[in-house]
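Reader: I am new to this structure. Please walk me through the terms as we go.

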Amino acid sequence: MVAVAKAPLRLVIPGGAAILQIPDELMADFRAFAPDWPESDDAPIAATLTVRRQAEGWRIEGPDHAAPDQLYSQGYELANALLGAMTACYLARDPRLVCLHAAAVDLGEAGLVVLLGQNFAGKSTLATALAAQGLPLFCDDRLLVNWEWNPEGLALGAATKLRLPLPPGADATMQAFVDRHAVWRTEDFAILDGAGVARAWFGARRRLAGLVLLERLAEDMVPVLSALSRPDAVRALLQQHFAPHLSTADLLRACTAVATAIPAWRYRYSGCSDAAAALLAGLAGEIAS
């Protein structure tokens with residue numbers, strides 16, 4: 001027997017809808033990750049994703065570009081994977097879009113600063129620290145970018161995921177921010193919500209102001225913000241992309257266009273809240289100039 005929702009979700013994607021067949025028991029988990037992804041009753045069906053229960057866990061079935069060949073034993077792991085699968089369905093409908101594994105914070109009139117980096121570089125943590133200091137957090141993990149002309153970021157309204165416990169450098173302001181916006185947490189993981197503060201609304205668009213490649217070092221150090229060359233920026237974007245709908249040539253064009261249109265920096269740091277304050281001060285000087 002396959003348990004699916006009594007009324008499948010018809011979620012909006014460009015030019016249509018993606019049908020999401022998900023067991024009722026997992027609906028709350030998915031909506032925790034995608035709290036305001038809108039539904040549509042009449043849009044033409046462009047893709048279908050089905051969650052099937054197996055003895056060892058759950059599996060996502062759907063288009064090859066969207067359905068990872070993987071079993072998920074935890075509801076929140078499946079919910080996050082479903083968000084990734086929905087993102088792939090969204091991307092496949094618009095060749096002007098690429099998805100970056102990146103966080104982004106909103107500097108106001110200047111636009112979005114995109115935080116790139118390898119796993120454990122501190123993207124979500126540093127973005128949350130910046131949000132605690134007053135910068136709206138646009139996204140923490142998946143940033144859609146329209147790379148034509150003046151690149152802009154597009155939000156899917158995904159809730160922020162954060163590793164716990166917070167690092168030793170997190171100050172009381174950051175701790176209070178997390179406590180205020182946490183809607184689900186365990187000892188080692190939290191989901192933050194709060195549209196306009198801890199995440200952007202679904203469909204929000206903001207132009208990009210710059211890229212920051214994060215390098216978090218173990219030893220204590222004074223943070224250093226330095227210029228990142230265009231080839232290094234392109235390389236970083238290629239390493240941190242998700243765009244199964246694009247050919248290699250188009251992906252290279254997209255990353256080169258973004259790296260050409262906006263400035264990029266490298267940020268070597270340790271700590272957390274102090275590093276966020278130093279980055280904010282450094283960016284203010286760079287972008288103003």
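Author: Start with a definition. A nonpolar core is a set of buried Ala, Val, Leu, Ile, Met, Phe, Trp, Tyr and Cys residues joined through side-chain atoms within 4.5 Å. Buried means under 20% relative accessible area, exposed means over 50%, and partly exposed lies in between (1.4 Å probe, protein chains only). The model is predicted: local features need pLDDT of at least 70, side-chain atom pairs count only at pLDDT 80 or more, and totals for chains, interfaces and linings use all residues. Residues are numbered from 1 along each chain as its sequence is written, and side-chain values use heavy atoms, leaving out hydrogens and water.

Reader: What makes up the largest nonpolar core, and which residues have the most contacts inside it?

Author: The largest core has 39 residues. F30, W37 and Y90 have the most contacts inside it. Elements that each supply at least two of its residues include β1 (9–13), α1 (27–33), β3 (45–54) and α2 (75–92). The largest share, eleven residues, comes from α2. Helices (H or I, at least four residues) and strands (E, at least two) are DSSP runs, numbered from the N terminus.

Reader: What is Y90 in contact with, beyond its neighbours within four places in sequence?

Author: Contact means heavy atoms within 4.5 Å. On that basis Y90 touches V12, I13, P14, W37, L97, L144, L154, L156 and F202. Apart from this core lies another, of 32 residues, among them A121, L135, L166 and M174.

Reader: How do you know that β12 and β14 pair?

Author: Two strands pair if DSSP finds at least two bridges between them. Four bridges join β12 to β14, and the two run antiparallel.

Reader: Why are β12 and β13 called edge strands?

Author: The open sheet has three strands in the order β12-β14-β13. β12 (160–163) and β13 (182–185) each pair on one side only. Neighbouring strands are turned by 25° against each other on average, direction ignored. Helix α3 (residues 123–132) packs on this sheet, touching β12 and β14, and its direction makes about 110° with that of β12. Axes are lines fitted to C-alpha atoms, for helices over the stretch in contact, and angles run from 0 to 180 degrees between N-to-C directions.

Reader: Why is α3 called largely enclosed?

Author: Ten of the ten residues of α3 are buried, so the rest of the structure largely encloses this helix. Among them are K123, L126 and L130.

Reader: What puts the buried residues of α5 on the same side?

Author: In α5 (residues 230–239), A233, V234, A236 and L237 are buried. They cover an arc of only 160° around the axis, so they lie on the same side of α5. The arc is that of the directions from the helix axis to the C-beta atoms. They pack against elements including β6, β8 (112–116) and α6 (248–261).

Reader: Why does W149 count as exposed?

Author: W149 has 79% relative accessibility, so it counts as exposed. Its phi is near 55°, a positive value in a residue other than glycine. Most residues other than glycine have a negative phi, and most peptide bonds are trans.

Reader: What makes F120 exposed?

Author: F120 has a relative accessible area of 55%, and is therefore exposed. F120 also has a positive phi, about 70°, although it is not a glycine. The loop between β8 and α3 holds F120.

Reader: How do you know that the peptide bond from L164 to P165 is cis?

Author: Its omega is near 0°. P165 sits in the loop between β12 and α4 (172–181).
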